[in-house]
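This report walks through one protein model for a reader who is new to structures. Please keep the sequence and the 3D view open while reading.

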Amino acid sequence: KPCFFRPLDDFHYSFLQYVQTMDIEKPQSHFEDKVSTDIKCFHPHLKEKHNAKSEFKCEPYDTLPSMFLLTDYSRQIGVDLQNNVIHGYLNPYAYEVNHISYPEDEDKMPATIVPVKPLEDSPYEIVDTKERMMEIIALLQKEPIISFDIREHTVRTYLGLICMIMIGTDSCDYLFDTIALHDHIWNLNAVFTNEKITKVFGGDELQLLSLQRDFAIYVVNLFSIPQCSKVLSLERDDMQWLLKKYCGVELSMLGSRADWRVRPLDRVFVADARAQVHFMRYVCEVMKKECLEKSPLNLNLIHDVLARSNELCLFSYEKPLYSYEMGRWLIPKMGLVLTAEQRALFLALTCWRDIVGRIDDESPEFVLPITLLLRIVFDAEGVLDGAAWFGRMMSRQHPYVQKEKEALVELVRRVAAVK
């Protein structure tokens with residue numbers, strides 16, 4: 001069994017280097033419902049629009065670059081201002097998010113804030129069958145507030161793969177095995193789009209977009225803890241810092257280096273998966289209280305938090321696009337100073353690894369790590385030696401580099417031949 005950590009004591013772990021070459025069959029190869037890695041526009045794959053207030057329509061639009069549009073309500077109409085493109089579809093729940101009817105106590109002072117029980121004293125359940133999942137969905141529909149989080153794998157897949165969805169309630173923490181339930185987990189959309197249930201979340205919009213990508217799960221009535229931190233002008237907005245501040249809990253989280261595809265889940269993986277959702281609702285109640293105490297006269301800072309949270313819900317997932325020239329943004333970001341020849345080789349290699357990643361459903365970083373890519377760029381002449389150079393420069397085995405050595409040498413040779 002692969003091991004990603006070395007125990008120091010009961011609660012702290014020193015995590016070893018992530019083994020990227022683990023011989024695990026890709027779970028996504030068995031999924032019936034999966035997103036293509038091609039460059040065609042992404043369209044929502046909603047099987048049913050739960051809690052609908054408007055009809056769902058998805059017409060096949062093209063992505064139009066360089067559109068000039070006003071910023072008002074931009075995300076409602078599918079505009080990505082950061083990348084200056086208009087999306088190929090409207091967020092299916094844009095109408096519901098913008099016409100939400102909040103529960104009466106959403107912006108009120110909590111009547112009582114009950115201290116949360118320690119993790120080890122609270123029940124949890126791993127859900128890996130459709131029958132049990134549907135039973136729990138019925139229970140969750142009765143909850144006034146839930147917390148949620150996800151664990152995603154991004155190395156042996158091009159787009160990313162959600163391996164676990166965690167939902168916390170006052171009575172139990174539920175860990176949904178989204179690998180076992182991949183083709184059925186979309187039913188959770190009934191819970192996530194129920195405006196009567198407050199969804200407390202400690203992540204960012206990228207995780208919400210991952211839910212849209214993999215399962216067509218959208219969120220209505222979100223309370224974003226990081227956005228609340230910004231409204232309160234706190235020092236930091238990450239959950240690890242907030243849990244220490246409000247709950248006195250120090251977490252040693254596995255993070256992105258752990259392989260969440262591995263089954264069965266080790267007890268440390270289970271504890272890590274539960275940690276945030278277990279304490280998140282308590283943190284939410286305390287922060288709501290702070291918002292009300294710091295609100296100016298005739299204003300309610302909770303309204304600001306909810307408005308910011310709605311903005312996150314209005315984002316729409318788009319598949320990453322890539323072209324030869326798009327690698328340019330990496331050069332200044334990485335602080336690289338390149339000659340014209342080095343720049344051409346850098347762009348060619350980044351484009352090559354993206355194409356190979358799409359075809360084989362691997363992350364570009366797994367196909368050709370950026371550290372090795374830069375070695376090739378700065379020692380192009382040496383690369384032409386072929387296998388001898390790769391043997392000297394590679395400290396550990398890279399499956400794709402080993403397999404594609406000849407292709408890389410030929411790519412370097414062709415770029416060098418262009419004057």
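Helices (DSSP runs of H or I with at least four residues) and strands (runs of E with at least two) are numbered from the N terminus. The model is a predicted one, in which local features need pLDDT of at least 70 and side-chain atom pairs count only at pLDDT 80 or more, while totals for chains, interfaces and linings use all residues. Residues are numbered from 1 along each chain as its sequence is written, and side-chain values use heavy atoms, with hydrogens and water left out.

**The chain as a whole**

The protein chain contains 16 helices and 11 strands. Of its 419 residues, 50% count as buried, where buried means under 20% relative accessible area, exposed means over 50%, and partly exposed lies in between (1.4 Å probe, protein chains only).

A contact is counted when heavy atoms lie within 4.5 Å. Among the contacts between residues at least 6 apart in sequence, 69% join residues that are at least 24 apart.

**Two residues and their surroundings**

Leaving aside neighbours within four places in sequence, Asn 189 is in contact with Leu 46, Glu 48, His 50, Asn 51, Tyr 93, Ala 216, Ile 217 and Tyr 218. Val 337 is found in the loop between helix H9 (330–333) and H10, and with a relative accessible area of 74% it is exposed. When residues up to four places away in sequence are not counted, Val 337 touches Gln 342 and Phe 378.

**Cysteines**

How many disulfides does the structure hold? There are zero, a disulfide being a pair of cysteine sulfur atoms within 2.5 Å. As for individual cysteines, Cys 41 is partly exposed with a relative accessible area of 25%, whereas Cys 163 is buried at 0%.

**Salt bridges**

A salt bridge is a side-chain nitrogen of Lys or Arg within 4 Å of a carboxyl oxygen of Asp or Glu. A search of the whole structure finds 26 of them, and the table lists some examples.

| Arg 236 | Asp 238 | 2.8 Å |

Lys 244 is partly exposed with a value of 49%, while Glu 250 is exposed with a value of 55%. Arg 358 and Asp 354, by contrast, are both buried. These two residues are four residues apart in helix H10 (residues 340–360), which means that about one helical turn separates them. Elsewhere, salt bridges that share partners join Lys 26, Arg 156 and Glu 362 into one network.

**Aromatic rings**

Rings of Phe, Tyr and Trp (its six-membered ring) pair if their centres lie within 6.5 Å, and planes under 30 degrees apart count as stacked, over 60 as edge-to-face and the rest as tilted. The whole structure holds seven such pairs. In one of them, the rings of Tyr 174 and Phe 176 have centres 6.5 Å apart and planes at 45°, so the pair is tilted. Tyr 174 is buried at 7% relative accessible area, and Phe 176 is buried at 0%.

Phe 366 and Tyr 400 form an edge-to-face pair, with 5.9 Å from centre to centre and 75° between the planes. Because Phe 366 lies in helix H11 (residues 364–367) and Tyr 400 in helix H15 (residues 399–403), this pair ties together parts that are 34 residues apart in sequence. Both residues, Phe 366 and Tyr 400, are buried. Ring pairs also link Phe 148, Phe 192 and Phe 201 into a cluster.

A charge sits over a ring if NZ of Lys or CZ of Arg is within 6 Å of the ring centre and within 35 degrees of the ring normal. Lys 403 lies over the face of Tyr 400, at 4.3 Å from the ring centre, and the charged end of Lys 245 sits over the ring of Tyr 246, 5.3 Å from its centre.
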